[in-house]
Amino acid sequence: MTKILDQREQTDEQLVKLALSDRDNFLYIVNRYKDKLYGYIRKITDASAEDAEDILQEVFLKVYLNLNDFSLDLKFSSWIFRIAHNEVISAYRKKRARPQHQAVSLDETVTESIAGDFNINQKIDAALLQEKISAVLRRIRKECREIIILKFMEEKSYREISDIIKKPMGTVASLMNRAKKEFIAEFKKLYG
């Protein structure tokens, strides 16, 4: 019989141990990560809500099947985001269709963070700035969009991004630099 517990009090590693000891506890991992991963998938892809749900189901299936292979020495959030990253790539390869752009939703904190870090010094209201940043994110290359989303929206460190996209930290820093330059150039092209 599965013991009911308050998952908010448990670390990721504790939830993994619980799920490994009794697979019924895997639901705690799903509950903790379903919204985060769904949002991540929607932000880095142009997948419809239904397609994003399908990708998310594949992510949790892979996590469930590979949970025994997870090393408790690693950060679980990076591991599960890496699986989501791989599933997005896999879904893209399967589909091979031209993407339809979805809006990237931003909250005020993310907007301020991007605007401050990218030196967008325009005095415009927050809603308009969110709209402009979303428009620019839709127009830049996918790899640039993904690294910006991981850093600013998912609040991942360079180490975590390195683990997720399987690139050295120096490469992550270079990619971030290129992503910022592309973002700024596109922003200036669109909005002067």
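**Helices, burial and charge pairs**

Trainee: Why is E186 called buried?

Mentor: The model is a predicted one. In it E186 has a relative accessible area of 11%. Buried means under 20%, so at 11% E186 counts as buried.

Trainee: What makes K189 exposed?

Mentor: K189 has 62% relative accessibility. The cut-off for exposed is over 50%, so K189 falls in that class.

Trainee: Where do K189 and E186 lie?

Mentor: Both are in helix α9, 3 residues apart, which is about one turn of the helix. Salt bridges with shared partners join R139, E186 and K189 into one network.

Trainee: What makes the contact of K189 and E186 a salt bridge?

Mentor: The N to O distance between their side chains is 3.5 Å. A salt bridge requires a Lys or Arg side-chain nitrogen within 4 Å of a carboxyl oxygen of Asp or Glu. The pair therefore qualifies. As a general point, side chains of opposite charge can pair when their charged atoms come close.

Trainee: How many salt bridges does the structure hold?

Mentor: The structure holds 8. One of them joins the side chains of K43 and E154, at 3.4 Å from N to O. This pair links distant parts of the chain: K43 is in helix α2, E154 is in the loop between α7 and α8, and 111 residues separate them.

Trainee: How do you know whether K43 and E154 are buried or exposed?

Mentor: K43 has 15% relative accessibility, and E154 has a relative accessible area of 15%. Buried means under 20%, so K43 is buried, and so is E154.

Trainee: Why are R141 and E143 called partly exposed?

Mentor: R141 has a relative accessible area of 40%, and E143 has 44% relative accessibility.

Trainee: What is the makeup of the chain in helices and strands?

Mentor: The chain has 9 helices and 0 strands. Buried residues make up 42% of its 192 residues.

Trainee: Which residue with a positive phi follows α7?

Mentor: That residue is E155, with phi near 55 degrees. E155 is not a glycine and lies in the loop between α7 and α8. Its relative accessible area is 61%; exposed means over 50%, so E155 is exposed. K166 also has a positive phi, near 55 degrees, and is a residue other than glycine. K166 lies in the loop between α8 and α9.

Trainee: Which residues have the most contacts inside the largest nonpolar core?

Mentor: They are I29 and F76, in a core of 49 residues. Several helices supply at least two residues each, including α1, α3 and α4. The helix that gives the most is α2, with 9 residues. In soluble globular proteins, nonpolar side chains tend to be buried together.

Trainee: Which residues form a nonpolar patch on the surface?

Mentor: L61, Y64 and L65 form the patch, with about 280 Å² of accessible area together. L65 is in helix α3.

Trainee: How do you know that L65 is exposed?

Mentor: Its relative accessible area is 57%. The cut-off is over 50%, so L65 is exposed.

Trainee: Which residues gather in the patch of negative charge?

Mentor: They are E50, E53, D54 and E58, on the surface. E50 lies in helix α3. At 59% relative accessibility E50 is over the 50% cut-off, so E50 counts as exposed.

Conventions
Residues are numbered from 1 along each chain as its sequence is written. This is a predicted model: local features need pLDDT of at least 70, side-chain atom pairs count only at pLDDT 80 or more; totals for chains, interfaces and linings use all residues. Side-chain values use heavy atoms; hydrogens and water are left out. Patches are made of residues with over 30% relative accessible area and no salt bridge: like charges are joined within 9 Å, nonpolar side chains (Val, Leu, Ile, Met, Phe, Trp, Tyr) within 5 Å. Accessible areas come from the Shrake-Rupley method with a 1.4 Å probe; for residues, only the protein chains shown count as cover. Lys and Arg count as positive and Asp and Glu as negative; His and the chain ends are not counted. The place of a charge is taken as NZ of Lys, CZ of Arg, CG of Asp or CD of Glu. Helices (H or I, at least four residues) and strands (E, at least two) are DSSP runs, numbered from the N terminus. Buried means under 20% relative accessible area, exposed over 50%, partly exposed in between (1.4 Å probe, protein chains only). A nonpolar core is a set of buried Ala, Val, Leu, Ile, Met, Phe, Trp, Tyr and Cys residues joined through side-chain atoms within 4.5 Å.
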